[in-house]
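Hi,

Here is the structure I promised to send over.

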Amino acid sequence: MPVRVLLVDDEHLVRAGLRAVLEAQPDIEVVGEAADGAAVVPLVRQVRPDVVAMDVRMPLLDGIEATRALLRTVADPPKILVVTTFENDEYVYEALRAGADGFLLKRARPAEIVHAVRLIAEGESLLFPASVRQLAAEYGDGGGNRAARAELARARLTEREGEVLRLMARGLSNAEIAARLVVGTETVKSHVSAVLAKLGARDRTQAVITAYESGFVAPG
């Protein structure tokens, strides 16, 4: 089954460019477009995408609020890929905190766009871990976020789960974590699932942000 993508951006040329790049791939299908975040929830319910590629800054409802609305109101929501002009942008970090699964620069090369969509859809790796780390270092309260620290304390991660979370923060995939820890991939998947469940995180990105903001992992 192809990865189903919904494009959300107030610039027609951006949407057209993304559509051209993605639809050139046999395993990706663009199933809809919207010009503002306000249209995201009804469109997602209508076309049921796997991934929403969404601009972070839009005139009526920005990508941050659209992400919150989507995760709050849609059962089994799609993955959210924030598309942005600027990499080191507080808006991007707020979108990730709100529940977006990763971000992509509008100036990215076609191969990078395709890779980002596939990786977000698979959900087994962190997209651009160095950039997420840089955003967390600048906007993540330096490990002093009380809510994140309380969340981590309540999680009561085992020693092995903590080790897996640290490796997730470095951007390692399940297979790479398995090789590092000399265990099977299925064992790693079980540990990752346990970490996400204990932290109440919907995916790796949110788990890693909690790790940074609580001070469990240093973003520097």
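Let me start with E2, which is mostly covered: 5 of its 7 residues are buried. Buried here means under 20% relative accessible area, exposed means over 50%, and partly exposed is in between, with a 1.4 Å probe and protein chains only. Helices (H or I, at least four residues) and strands (E, at least two) are DSSP runs, numbered from the N terminus.

Before you read on, a word on the basis: this is a predicted model, where local features need pLDDT of at least 70 and side-chain atom pairs count only at pLDDT 80 or more, while totals for chains, interfaces and linings use all residues. Residues are numbered from 1 along each chain as its sequence is written, and side-chain values use heavy atoms, with hydrogens and water left out.

**The sheet**

E2 belongs to an open sheet of 5 strands, in the order E2-E1-E3-E4-E5, with parallel pairing. The edge strands are E2 and E5 (102-105), each of which pairs on one side only. On average, neighbouring strands of this sheet are turned by 25 degrees against each other, direction ignored. For angles like this, axes are lines fitted to C-alpha atoms (for helices over the stretch in contact), and the angles run from 0 to 180 degrees between N-to-C directions.

E1 and E2 pair in the parallel sense over 6 bridges; two strands count as paired if DSSP finds at least two bridges between them. If you want to trace the pairing by eye, Val-3 has Ile-28 as its bridge partner in E2, and Val-5 has Val-30. H2 packs on the sheet and touches E1, E2 and E3, its direction making about 155 degrees with that of E1. Contact means heavy atoms within 4.5 Å.

E1, helix H1 (residues 12-23) and E2 together make a right-handed β-α-β unit. Right-handed means that, with the strands pointing away from the viewer, the path from the first strand over the helix to the second runs clockwise.

**Salt bridges**

How many salt bridges does a search of the whole structure find? There are 17, a salt bridge being a side-chain nitrogen of Lys or Arg within 4 Å of a carboxyl oxygen of Asp or Glu.

Arg-154 and Glu-151 meet in another salt bridge, 3.8 Å from N to O. Both lie in helix H7 (residues 146-155), 3 residues apart, about one turn of the helix. Arg-154 is exposed at 58%, whereas Glu-151 is partly exposed at 27%.

Then there is Arg-109 with Glu-112, at 3.4 Å between the closest N and O atoms. Finally, a network of salt bridges links Arg-15, Arg-19, Glu-23 and Glu-33.

**Helix H3**

In H3 (residues 63-73), the buried residues are Gly-63, Ile-64, Ala-66, Thr-67, Ala-69 and Leu-70. Their cover includes helix H2 (40-47), strand E3 (51-55), strand E4 (79-84) and helix H4 (90-98). At the start of H3, a side-chain oxygen of Asp-62 comes to within 3.0 Å of the backbone nitrogen of Ile-64. That is a polar contact, meaning a pair of N or O atoms within 3.5 Å; within protein, one must be able to donate a hydrogen and the other to accept it, and residues adjacent in sequence count only if both atoms are side-chain atoms.

**Two glutamines**

Is Gln-206 buried or exposed? With 12% relative accessibility, Gln-206 counts as buried. This residue is found in helix H11 (residues 204-214), and a polar atom of its side chain lies 2.9 Å from the backbone oxygen of Ala-100.

Gln-25 lies in the loop between H1 and E2 and is partly exposed, because its relative accessibility is 24%. Leaving aside neighbours within four places in sequence, Gln-25 is in contact with Val-114 and Arg-118. The side chains of Gln-25 and Arg-118 are joined by a polar contact of 3.1 Å.

Cheers
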